[in-house]
Amino acid sequence: MAWIFTATMAVLFILFFIIYTKKTEKKMRDYESKITASQLAQTSQVYMEMRGWKHDYHNHMQKIRAHLALGEYAEANEYINLMENELDSVGVKYKTGNTSVDAMLNSKLSLAGNKGLSVKCDAILPDKLLFNPVDLCIIIGNLIDNAIEACEKMEENQNRFIRIYLCVQKKHLYISVSNATNEVVRKLDREYITNKRGNHGNGLWRINKVVEKHNGYINRQNEPGIFATEIMLPLG
């Protein structure tokens, strides 16, 4: 009878494991969908504002021309200054050549700048990038979020920086993000990602899943004062 009990327990354990795994995967999918939707909404905000400016462009020009026609040069100059101030608040600072990536970078990096972080971004990309835009949002969004989180754990008088480099090399999308950090991790393996709790851990996990999905390559390096991630993703 002992073997029956053992077999029953084994079956129950397998069933429990299957149910637990499915619930965990569903929870992560729901979380991923929620965060991705939030990121896409954030990145679209800047470009919605820019589209609004494009829509109102002719109205602005008509007002300026009317002032000039009436010889009201001071009024025209004042209105132009007001327009410049409004455009500065939109914050379209980073231009890669790809509008989807531009929206993501401007949304995330403007937040980093507002937090007092030093930001440098070098990125040149084609307008038509043959890569899933949602997956790209997950990778870039989480890389920058994790970089911001690491910098926020440092003192304000420390050199808190984020460096980003994006380009296409030999039919591969190359992504490099490095940031200042107080943390030094000796072993950047799956155990580190699993044990890293909170948003940072979820971000690492989601980045890995997308890279694996596209048969890409990821390399993480952590040295005193800096954490760097390099990713290569095949295009097409």
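This briefing describes a strand hairpin and a helix in the structure above. The model is predicted, so local features need pLDDT of at least 70, side-chain atom pairs count only at pLDDT 80 or more, and totals for chains, interfaces and linings use all residues. Residues are numbered from 1 along each chain as its sequence is written, and side-chain values use heavy atoms, with hydrogens and water left out.

**The hairpin**

- Strand E4 covers residues 217–223 and strand E5 covers residues 226–234; strands (E) are DSSP runs of at least two residues, and helices (H or I) of at least four, numbered from the N terminus.
- E4 and E5 pair in the antiparallel sense over seven bridges, where pairing requires at least two DSSP bridges between two strands.
- Glu223 has Ile226 in E5 as its bridge partner.
- Two residues separate the strands of this hairpin, and Gly225 in the turn has a positive phi of about 90°.

**Arg220**

- Arg220 belongs to E4.
- Arg220 is buried, meaning under 20% relative accessible area with a 1.4 Å probe, protein chains only.
- Arg220 has no salt bridge, a term for a side-chain nitrogen of Lys or Arg within 4 Å of a carboxyl oxygen of Asp or Glu.
- The nearest side chain of opposite charge to Arg220 is Glu212, 8.4 Å away; Lys and Arg count as positive, Asp and Glu as negative, and His and the chain ends are not counted.

**Helix H3**

- The 16 residues of H3 (residues 99–114) should span 22 Å at 1.5 Å a residue, which agrees with the 22 Å between its end C-alpha atoms; the expected span is 1.5 Å times one less than the number of residues.
- Buried residues in H3 include Val101, Met104 and Leu105.
- Just after H3, Gly116 takes a positive phi of about 85°.

Notes. Buried < 20%, exposed > 50% of the residue type's maximum accessible area, 1.4 Å probe, protein only.
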